[in-house]
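Hi,

Here is the structure I promised to pass on. Have a look, and my notes follow below.

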Amino acid sequence: MTDFLETFCPECDMGVRASLREQPATLRVRGEEIDFTETVALCPHCGMEIGDSRVEDENLEQAYAIYRARHGIPSPEEIRKLREFYGLSLREFSRFLGFGEQTVYRYERGDLPDPTHSLVLEQAKTHQGARRLLAKNRKRLSERSIESIELALSTHAEDLHWVRPLPSKLEEQTADAPSTANGYRAFDPDRALALMRLLAQQCRDLFWTKSQKALFVADMFACACRGRSLTGLRYAHATHGPVADGREELRYLLAEAGIVEFCECDWGEVLEPGKPLANDPFDEAEHALIDGIATFVNSFGTAREISDFSHGLDCWRNTEDGQVIDYADAAGEVAGAMVARMPGLGGLVG
Ligand SMILES: [Zn+2]
């Protein structure tokens with residue numbers, strides 16, 4: 001891949017603009033092989049793989065996210081939400097669960113909960129389980145914490161919706177009200193999968209990060225032209241451009257459904273269309289729009305060029321890593337930049 005990262009090469013002993021390449025990788029998580037797309041930073045001078053912690057952390061996070069999704073293990077965010085539900089500090093929440101004092105801290109920082117702890121966390125999500133934990137670990141808790149737990153449980157005695165498994169990042173987005181964060185549409189997994197398949201079908205060399213940029217411009221352009229995004233996906237700033245917030249889960253969904261195939265090639269993984277869809281969620285006008293987007297994506301000779309395009313956008317430059325790129329700030333700018341590059345798209349606007 002031809003994205004770049006300003007970093008330091010220990011071999012050359014100087015700051016370099018490393019190129020980021022994606023490649024299929026397998027990581028053993030708890031003895032299980034997890035296939036994912038890893039990013040490696042390569043020194044442009046000596047060619048060495050640079051161990052930049054930003055890239056490495058993201059790789060680990062991707063593999064963990066897939067493992068978590070596969071085993072229903074709560075994410076750091078879900079654990080934090082559960083703790084906040086009970087109104088407890090990290091230490092008190094650890095005690096409530098019967099863990100070591102630093103354990104919840106580690107889990108909220110991204111460590112993978114061990115299987116026994118995962119089961120306890122599951123219990124803490126149910127009314128009955130939480131009562132059992134409180135009875136068992138009561139002596140370790142402060143009066144204030146006990147009150148806080150009792151209050152949370154009594155307030156939700158009738159209302160048990162929180163007892164369901166905590167939603168993952170994408171599932172959570174399906175429940176969001178239409179807003180400027182999702183382009184006025186709650187996230188629709190069927191639409192996202194269908195769009196990915198259409199893009200994989202029509203775009204040349206659709207690498208994973210390139211696919212993220214293609215999704216981003218598609219949703220932003222649709223929002224500018226038709227007042228709504230195509231998929232309801234939320235986008236965030238990543239080092240190498242805009243990405244779907246929850247992209248690891250999206251990749252997992254695509255692979256599981258067999259909608260898109262990830263094919264190895266010299267430079268990484270390319271998305272190819274997989275199984276046909278049972279239903280077509282898009283209307284005729286949306287298909288015309290998607291065809292236009294594919295032509296736009298194909299107008300870039302190299303992945304580097306589309307990367308430069310996204311790096312030139314204020315909505316990416318003015319946001320920080322992980323920050324959501326709001327449609328209200330981005331849709332008009334993205335559509336304008338697209339039409340400036342490819343005037344033919346102007347016919348789809350309005
Ligand atoms: Zn070097």
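Along the chain, the donors of the zinc ion follow the spacing C-x2-C-x30-C-x2-C. Cys12 sits in the loop between strand 1 (3-9) and strand 2 (14-29), and Cys43 in the loop between strand 3 (32-42) and strand 4 (49-50), so this pair ties together parts that are 31 residues apart in sequence. (Strands are DSSP E runs of at least two residues, numbered from the N terminus.)

A word on what you're looking at: this is a predicted model, where local features need pLDDT of at least 70 and side-chain atom pairs count only at pLDDT 80 or more, while totals for chains, interfaces and linings use all residues. Residues are numbered from 1 along each chain as its sequence is written, and side-chain values use heavy atoms, with hydrogens and water left out.

Back to the zinc: its protein donors are the SG atoms of Cys9, Cys12, Cys43 and Cys46, 2.2 to 2.3 Å away. Donors here are N, O and S atoms within 2.8 Å of the metal (3.2 Å for Na, K and Ca); water is not among the atoms, so sites may look incomplete. The 4 donor atoms subtend angles of 106 to 114 degrees, which makes the arrangement tetrahedral (four donors, all angles between 85 and 135 degrees).

Cys43 is buried, at 3% relative accessible area, whereas Cys12 is partly exposed at 25%. Buried means under 20%, exposed over 50%, partly exposed in between (1.4 Å probe, protein chains only).

Cheers

Key. Tetrahedral: all angles 85-135°; square planar, octahedral: opposite > 155°, others 65-115°. Helix = DSSP H or I, 4+ residues; strand = E, 2+ residues; numbered from the N terminus.
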